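Have the structure open while you read.

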Amino acid sequence: MCKIDVITTMNEAFLKEWLLLIYYTTASMGLITGKCVLDKEVEIVSRDEWGARPPTSVETMRNPVPYVVIHHSYIPAACSSKEDCVAAMQWMQNYHQFNRSWNDVGYSFASGGDNRIYTGRGWSTVGAHAPGFNNQSIGICTIGDWTAKLPPQEQLETIRRFIHQGVVEGYIDENYKLIGHRQVRETECPGDALFAEIQTWPHFDPSLNITGEAAPTIRKEGLASVKTVGGEADKTTGNSLK
């Protein structure tokens, strides 16, 4: 059987997982540089590109962080074009700043159905997305409602590559723990379907939950202007209770 025959008869999902394994292994060995991965594999849309307003305040965060928190937006709905994803980012920033009186959009980054990553607060700024974890995590919002169905496979793969990029670049600890928003507060976020999916990803931590293990003490190191734990830096996000 020729190589082409082998590939065409393989289960598509298995093939994608196999290719991702090769990708992660070669990256960790230094055969793929962090910059190469970022430039060629993950397109990151800057704040300027999506028309973000400046934050009203910035609180710095020390890297690498030990947690990655996965969210869904619920509202706005999923976007499949850059134009629609830009509109979604602007909607979320408006909601978080004007309706919730936060410094900025709450998330560190957001993932669009156009397979781009949109910069929120970024790698080294305290977020407002997961109480008790805001200054020691990267919060990634998967734009859309992922309660009953999953995001497209390409979008999920983009998120996984982006997390790995954060590890390669030193923003995320190599032994990070991956959790869903519902593990740190009472919410349906990131949706049943997406939460089930991330439980199959490397580094998922099933032990952490709001009725079990308590949230760790908020890290103080590297915070430029956090004066009280109950301030904006310890709030959560989510456009609804879902």
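This is a predicted model: local features need pLDDT of at least 70, side-chain atom pairs count only at pLDDT 80 or more; totals for chains, interfaces and linings use all residues.

Helix α6 covers residues 153-168, and at 1.5 Å a residue its 16 residues should span 22 Å; the end C-alpha atoms sit 23 Å apart, which agrees.

How much of α6 is covered? Mostly: 12 of its 16 residues are buried. Among them are Leu156, Ile159, Phe162 and Ile163, but also Glu157, Arg160 and Arg161. After the helix comes Gly170, with a positive phi near 85°.

Now for the sheet. Six strands make up an open sheet with mixed pairing, in the order β1-β4-β3-β5-β2-β6. At the edges are β1 and β6, each pairing on one side only. On average, neighbouring strands are turned by 30° against each other, ignoring direction.

Zooming in on one pair, β3 (residues 109-111) and β4 (residues 116-119) run antiparallel and share three bridges. Ala110 has Tyr118 of β4 as its bridge partner.

| Helix | Strands | Angle |
|---|---|---|
| α5 (residues 82-99) | lies across β1, β3, β4 and β5 (137-142) | about 30° to β4 |
| α6 | touches β1, β2 (65-72), β3, β4, β5 and β6 | about 145° with the direction of β6 |

So which helix packs on the sheet while touching β2 and β6? That's α6, the helix with 12 of its 16 residues buried.

Key
Residues are numbered from 1 along each chain as its sequence is written. Side-chain values use heavy atoms; hydrogens and water are left out. Helices (H or I, at least four residues) and strands (E, at least two) are DSSP runs, numbered from the N terminus. The expected span of a helix is 1.5 Å times one less than its number of residues. Buried means under 20% relative accessible area, exposed over 50%, partly exposed in between (1.4 Å probe, protein chains only). Two strands pair if DSSP finds at least two bridges between them. Axes are lines fitted to C-alpha atoms, for helices over the stretch in contact, and angles run from 0 to 180 degrees between N-to-C directions. Contact means heavy atoms within 4.5 Å.
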